[in-house]
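Subject: Structure handover

Hello,

Here is the structure I said I would pass on. My notes on it follow below.

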There are 4 protein chains.
Amino acid sequence: MTDIEQLKEKVYQANMDLYESNLVIGTFGNASGRDEKSGLVAIKPSGVVYRELKAVDIVVLDLKGSIVEGDLNPSSDTKTHLELYKAFPDIGGIVHTHSTYATAWAQAKRPVPCLGTTHADYFYGEVPVTGVISDSAIKKDYELETGSLIIDTFRSIDYRHMKAVLVACHGPFTWGVDAAEAVSLSVTLEEISRTGFFSVTLNPSFENIKKSLLDKHYLRKHGPGAYYGQDVNKSTFKDE
Amino acid sequence: MTDIEQLKEKVYQANMDLYESNLVIGTFGNASGRDEKSGLVAIKPSGVVYRELKAVDIVVLDLKGSIVEGDLNPSSDTKTHLELYKAFPDIGGIVHTHSTYATAWAQAKRPVPCLGTTHADYFYGEVPVTGVISDSAIKKDYELETGSLIIDTFRSIDYRHMKAVLVACHGPFTWGVDAAEAVSLSVTLEEISRTGFFSVTLNPSFENIKKSLLDKHYLRKHGPGAYYGQDVNKSTFKDE
Amino acid sequence: MTDIEQLKEKVYQANMDLYESNLVIGTFGNASGRDEKSGLVAIKPSGVVYRELKAVDIVVLDLKGSIVEGDLNPSSDTKTHLELYKAFPDIGGIVHTHSTYATAWAQAKRPVPCLGTTHADYFYGEVPVTGVISDSAIKKDYELETGSLIIDTFRSIDYRHMKAVLVACHGPFTWGVDAAEAVSLSVTLEEISRTGFFSVTLNPSFENIKKSLLDKHYLRKHGPGAYYGQDVNKSTFKDE
Amino acid sequence: MTDIEQLKEKVYQANMDLYESNLVIGTFGNASGRDEKSGLVAIKPSGVVYRELKAVDIVVLDLKGSIVEGDLNPSSDTKTHLELYKAFPDIGGIVHTHSTYATAWAQAKRPVPCLGTTHADYFYGEVPVTGVISDSAIKKDYELETGSLIIDTFRSIDYRHMKAVLVACHGPFTWGVDAAEAVSLSVTLEEISRTGFFSVTLNPSFENIKKSLLDKHYLRKHGPGAYYGQDVNKSTFKDE
């Protein structure tokens, strides 16, 4: 298999894992991946039913959006993915879903607070929510501008330690070293969004957990001092 | 297969899809379809357990309610379906369920607000709720009057762009070009009713999304400017 | 098969249906049935894991609580069942569960309001909740007194049209012509308790549906004017 | 099989039961067991995916934390388990999960109130929540100090009758005579946390059930006067 064939296979698999994780209904949701060498991006085709999806249907594009391989239209969210790949050089995979609880926070225009160690194990603080997209951005190039909106939100946030965002009135995006990590983080984001919903209902005067506890949990899994798991020196990003 | 046999088969399949989507419990819920040429309507028989339903059990009626084919009593909601077919000439399928979250909004006598793009992709604005049916309507011809109540609610709403309604104190109805689309919209309605429930709990001072965002999402999937999916010029209704 | 063997088989099947309906966890929950001729009652043994239950394990007792057949201890709730069989002569089956939403209402010491037609199709009004059992009743004969508490609650309610109750701080009981109907009503009670929970959260100033709508739905399924289903003259109780 | 092989097999099975009970996602959660004779503890390895776990992967340690058997790193929560085994001499199994509803209460820093008999059948009163771990404890030896925090919380609570705790901003721990009982109690704790959530939402001015009802239910299953189940004289702890 060539690198591109491998990428298509991995992106196909990530999309199917996404489907089986019950985070998508109908044709909602998409996963993409980037080939490190060539910089090409593979993404789910638009509006194709998951159970009929095949690896050969995966569309390959360059970062400018020109189709390199594939007979189908790419996901309507393709430009959002491409913007993120351009702005976040270390990432190799992106996932977008409309999963119930993460979407509920996005529709409520609220960040998911960091209320416990499950959250802190994966996301370094509260998961941010963008502002509502402007009328001019909607008119200009909606999907590209959705990418810009996310990038603006991360001006003062390190995308390598906060690998998720909620787009207001829309839903979540997650990313990682590859499409598989992005899928896995979408699953975790949905779970902490769900637990967070019940937590804030039980305690409306909640606060984010303190910095010392956040650091303890996030850093025991990430970075040079990590000691969780079997390969304690692994790090998700090379320059981390 | 004759046109009517095909219709019965499709309506049977729609009812089974409805059952497998977990939107119905017991014998609640029903799907019907209309044959375009003859104008005849096929519907689930009343009170039959889904797992024992067969295509041959599907009842065929004309718009006046006279049974053309079938040995069983048609669904007790048949007159509601017939009223809608008469008032909404473009529709070819109707589904009624008591699905949990859509019914919760109907029982709360509240429309489902349009809080995000998942909703806007399928329903052009908030999903309306009827008033409570009057005592005289209950006494006169309850199921027919339930149809009239829906039709009244749509006096200033285009049924071709809002293919769902909540009947107050009762539950949801959806419709579309055929029974399959109506089933699919029942699934989507339940999901947006569910996400909407969590959203308004997290943000009680919510507002519907702005018109520009609603238009962007609804119109990228529907009508002449659509660009979502693989067949970008498709339109669900012929005259759309 | 003798009448008693048939009863044991039916009660065994009802308990397994209860288990498969996900209304019980662990060994919680039990179904019983009464043989019309002999008046004997068959019930699940105490503390037996459902997946290991066999028809031969079902315990048969007379109304005084003497064991007629069976080597195992009967359910610890047996006396509650027997009190109900004595007080409610028309019933042939009883089910007790700790199903989540019905139990939540019972623990909140609130009746399940009748907010819609799904509820009205099966239960003729709000599902009542008992008072909290008295200290003296707890000390005297707890399970028997739980039965008395239910019977007291039904002094002004017809048990033939309200086949369910919530025992405060405990959970639901349902009954019917046989154990199978009682199981079916436990499933429906859980569903309306669930939908009711979301409804009152969305509309805290809710009211029960009006009498005309309640009558229309309940009576189109029950009693001499029923027209729902295929056997419109059926009635669940003989003297109804 | 030696005693240690048997322990590893039982701890492996407990971890798989935990996984199949849907209380864990990803690699969250762990079960351990103690061999009565040798006092050795067997625990899940750190960060291993459940579906790839094998009995041979289970790590065996002494109470000081020295590895006796196993090639993998033990769970990162091992020191918490060991502290509890040292402080609670009668227990033979411990389980830690991040199950949704129990974690929601832990993140809300609230005990799970005892609102009904389902709760009272298993837990003798409200399930306590610890204080938030101090900064100095986080810096010193985080996982060991989490154990100390639990032990502090139980100064005036009998761990033999309250076999569960919520660690604030973290999640639940349960224990019992062996790993299997601890798993079973984690399942029950999640269920009462869930039912409790809906109960307090329906009745925000709730109170714990009265002492007489708590005693009646807890003591009919535990201790010398127990009469629930088939072996009425059993008691979970030998000196109970």
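To start with one helix: the cover over the buried residues of α1(C) includes β1, β2, β3, β4, β5 and α6 (179–202) of chain C. Contact here means heavy atoms within 4.5 Å, and buried means under 20% relative accessible area with a 1.4 Å probe, protein chains only (exposed is over 50%, partly exposed in between). Helices (H or I, at least four residues) and strands (E, at least two) are DSSP runs, numbered from the N terminus.

This is a predicted model, in which local features need pLDDT of at least 70 and side-chain atom pairs count only at pLDDT 80 or more, while totals for chains, interfaces and linings use all residues. Residues are numbered from 1 along each chain as its sequence is written, chains are lettered from A and ligands numbered from 1 in the order in which they are written, and side-chain values use heavy atoms, with hydrogens and water left out.

Back to α1 (residues 3–20) of chain C: the helix has 18 residues and spans 26 Å from its first C-alpha to its last, close to the 26 Å expected at 1.5 Å a residue. That expected span is 1.5 Å times one less than the number of residues. Among the buried residues of α1(C) are C:Ile4, C:Leu7, C:Val11, C:Ala14 and C:Leu18. An α-helix has 3.6 residues a turn, so residues three or four places apart point the same way. Just after α1(C), C:Asn22 has a positive phi of about 65°.

The sheet of chain C is open and has seven strands in the order β4-β3-β2-β1-β5-β7-β6, with antiparallel pairing; two strands pair if DSSP finds at least two bridges between them. β4 (67–69) and β6 (164–167) of chain C are at the edges with a single partner strand each, so one side of each has no neighbour in the sheet. Within the sheet, β1 (residues 30–34) and β2 (residues 41–43) of chain C pair over three bridges, and C:Gly33 stands opposite C:Ala42 in β2(C).

As for chain A, there are seven helices and seven strands. Of its 240 residues, 61% count as buried. The C-alpha atoms of chain A fill a box of roughly 50 × 45 × 35 Å along the principal axes.

Finally, two pairs of chains do not touch: chain A and chain C, with nearest C-alpha atoms 12 Å apart, and chain B and chain D, also with nearest C-alpha atoms 12 Å apart.

Regards
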